[in-house]
Amino acid sequence: MIMDRKAILEELKKVLAPYIKNKELLAGINEQTNLVTDLKINSANLVDIVIDAESKYHIEIDVDSAEKMVTVSNCLDVIQEKLAQTSQP
Amino acid sequence: MSALPLGLPGAGIDIVDLSLTDPARSERLAPKMLAPSEYALRPAEMSFHIFLWLCWSVKEAVYKFRRGTFFQPTRIVLDALNRVGDLHVRSVVTSDYILSVVDTPGLVFEVAPLSGDPSEEVRSLIKKGFPDWERRPVSFSHHGRYMAYSLQDADGSRVGKTDYAKRKNLV
């Protein structure tokens with residue numbers, strides 16, 4: 001699947017949305033946004049986000065990669081990397 | 001620099017509001033939350049859903065006790081449902097929530113309903129019993145309808161302020 005970073009970000013916002021109580025925070029998301037400290041996402045929901053992202057992008061996110069998903073930028077890096085792996089012949 | 005008294009053990013507590021967990025997702029969540037060796041720890045009478053979130057809460061409590069910087073659940077491995085390495089963890093499982101707390105001398109913990117801002121309410125709660133709480137090792141947790149704290153009490157005389165009437169199973 002070929003998706004540019006902006007397109008991935010738009011889809012990622014949809015993945016994050018159910019886990020953000022204050023919807024105003026959703027509007028202000030940028031690459032530097034931290035999932036826990038900025039978006040106030042509960043740690044239990046971080047695992048939900050990983051499996052929702054797996055479904056959304058048809059990828060598998062291993063434990064080592066999930067560990068890197070601290071900021072939105074980190075999430076985009078991981079998703080891009082996994083998408084690139086799945087598109088390889 | 002830590003403001004906590006030297007020589008005292010830390011504190012670690014976690015609460016899971018079960019109404020915010022979905023049994024239908026347990027199988028998919030499990031590989032992200034459990035180490036392979038932990039599956040064998042499930043008692044026959046315990047549902048996989050409860051087992052999963054019990055393990056999670058134990059791991060979170062231990063993580064907070066160790067004052068980690070990033071919680072990766074599969075890296076904290078339970079040796080038993082109430083033990084991680086040399087840490088003993090007490091857990092309360094009710095039909096509404098699961099609470100886990102690292103056991104230490106003089107342990108005090110309390111659970112209460114949450115209706116507003118979690119950080120304000122839990123500090124208000126702890127201040128009532130312990131005006132000097134900021135000078136103690138303390139841990140906070142909140143999830144959904146509940147908040148909880150644990151701390152070290154010098155004489156341990158006020159252990160277990162949580163609502164034991166609702167307790168169904170103490171692991």
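How many residues of chain A are in contact with residues of chain B? In this predicted model, 10 residues of chain A are in contact with 12 residues of chain B; contact requires C-beta atoms, placed from the backbone, within 7 Å. Chain B also holds an open sheet of 3 strands in the order β5-β7-β6, paired antiparallel.

Numbering and model
- Residues are numbered from 1 along each chain as its sequence is written, and chains are lettered from A and ligands numbered from 1 in the order in which they are written.
- Because the model is predicted, local features need pLDDT of at least 70 and side-chain atom pairs count only at pLDDT 80 or more, while totals for chains, interfaces and linings use all residues.
- Helices (H or I, at least four residues) and strands (E, at least two) are DSSP runs, numbered from the N terminus.

The side of chain A that touches chain B
- Helices α3 (43–57) and α4 (63–66) of chain A each supply at least two residues of this side.
- The largest share, 5 residues, comes from α3(A).
- By type, the residues of this side are 7 nonpolar, 2 polar and 1 charged.
- Here Ala, Val, Leu, Ile, Met, Phe, Trp, Tyr, Cys and Pro count as nonpolar, Asp, Glu, Lys and Arg as charged, and the others, Gly among them, as polar.

The sheet of chain B
- In the sheet β5-β7-β6, two strands pair if DSSP finds at least two bridges between them.
- Strands β5 (107–113) and β6 (138–143) of chain B are at the edges with a single partner strand each, so one side of each has no neighbour in the sheet.
- From one strand to the next, the twist averages 10°.
- Antiparallel strands β5(B) and β7(B), the latter residues 146–152, are joined by 7 bridges.
- Within β7(B), B:Y149 is the bridge partner of B:E110, and B:Q152 stands opposite B:L107.
- The antiparallel pairing of β6(B) with β7(B) runs over 6 bridges, with B:S139 bridged to B:S150.
- The hairpin of β6(B) and β7(B) has 2 residues between the strands, and B:G144 there takes a positive phi near 55°.

Cover over the sheet
- Helix α3 of chain B (residues 118–129) lies across β5, β6 and β7 of that chain, at about 45° to β7(B).
- Such angles run from 0 to 180 degrees between N-to-C directions, with axes fitted to C-alpha atoms, for helices over the stretch in contact.
- In β7(B), 6 of the 7 residues are buried, where buried means 20 or more other C-beta atoms within 10 Å of the residue's own, C-beta atoms being placed from the backbone.

Methods: Contact = placed C-beta atoms within 7 Å. Buried ≥ 20, exposed ≤ 12 C-beta atoms within 10 Å, placed from the backbone.
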